[in-house]
Amino acid sequence: MRVGIFGGSFDPVHHGHLRAAQWALEAFLLDRILLIPARQSPFKAACFAPDQDRHAMLRLAARDNPSFAVDDCELRREAPSYTVDTLRQLAEREPLNQWTVIVGSDAGLGLPGWRDVAEVQKLAEIRILGRPGDPESARVDGFVYFPGLGISSTELRESVRAGRSVRYLTPESVRLYIEEKGLYK
């Protein structure tokens, strides 16, 4: 089975994440996508929402797509979350799968700085979703253009904090979860 790994902070998950995952599923001829919330990215500041809330929101967002599954393996390990550790764990658990790591062009440009990047490349194919406005230097091996949706988790958090609606930026179930839990205020 060809499985895409789409990780991130998902703080919170939004339609841009889901559209990118669906695009990757189709563009790379994958059988399914594993959405994996990071406990703590080695390249980002700490998350705003607790792990269990980010996991719950991701499960809500993915529940209507039978090709999506949510895996909390990184949330169950010590921080920071390294892709190589996730791949080792997944390859041991599901050795017959062919793995494809899906990253945005910003992460793609940072590949040389990843922990054990050579082993990551042995364990999985790396595919990069390019974004509108990416420079030519972002178009490295594995690059595929993705038109994207102009939505960011930062924008969602700022909107919630300012009392503005995030309706239509994230799945309704996630919007209601954020509201119910009082996240990002």
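## The largest pocket

In sorting residues by kind, Ala, Val, Leu, Ile, Met, Phe, Trp, Tyr, Cys and Pro count as nonpolar, Asp, Glu, Lys and Arg count as charged, and the others, Gly among them, count as polar. By this sorting, the lining of the largest pocket in this predicted model divides into 26 nonpolar, 17 polar and seven charged residues.

The largest pocket has a volume of about 1300 Å³, and its lining is made up of 50 residues, of which Gly7, Gly8, Ser9, Lys44 and Arg131 lie nearest the centre of the pocket. Several elements each supply at least two residues of this lining, namely the strands β1 (2-8) and β4 (98-104) together with the helices α1 (15-27), α3 (83-93), α4 (105-109) and α6 (153-161).

## The sheet

Six strands form an open sheet in the order β3-β2-β1-β4-β5-β6, and their pairing is parallel. Because β3 (68-70) and β6 (143-145) stand at the edges and each has a single partner strand, one side of each is left without a neighbour in the sheet. On average, and with direction ignored, neighbouring strands of this sheet are turned by 30° against each other.

The pairing of β1 with β2 is parallel and runs over six bridges; phenylalanine 6 stands opposite leucine 35 in β2.

## Helices across the sheet

Helix α1 lies across β1, β2, β3, β4, β5 (124-130) and β6, and runs at about 145° to β2. Helix α2 (residues 51-62) lies across β1, β2 and β3, and runs at about 160° to β2.

Arginine 32 is found in strand β2, which spans residues 32-37. Since buried means under 20% relative accessible area, arginine 32 counts as buried because its relative accessibility is 19%. When its neighbours within four places in sequence are left aside, arginine 32 is in contact with Met1, Arg2, Val3, Gly4, Leu25, Ser67, Ala69, Glu94 and Asn97.

Alanine 124 belongs to strand β5 and, at 6% relative accessibility, also counts as buried. Leaving aside neighbours within four places in sequence, alanine 124 is in contact with Leu87, Trp99, Thr100 and Val101. Glycine 110 lies 14 residues from alanine 124 along the chain, and the C-alpha atoms of these two residues are separated by 17 Å.

Key
Residues numbered from 1 in each chain as written. Predicted model: local features only at pLDDT ≥ 70, side-chain atom pairs only at ≥ 80, totals over all residues. Heavy atoms only, no water. 1 Å grid on protein atoms, 1.4 Å probe; cavity = no way out; pocket = protein on both sides within 12 Å on 5 of 7 lines; lining within 4 Å. Points joined across faces, edges and corners; volume = space filled by probe spheres on them. Helix = DSSP H or I, 4+ residues; strand = E, 2+ residues; numbered from the N terminus. Buried < 20%, exposed > 50% of the residue type's maximum accessible area, 1.4 Å probe, protein only. Contact = heavy atoms within 4.5 Å. Pairing = 2+ DSSP bridges. Axes fitted to C-alpha atoms, helices over the stretch in contact; angles between N-to-C directions.
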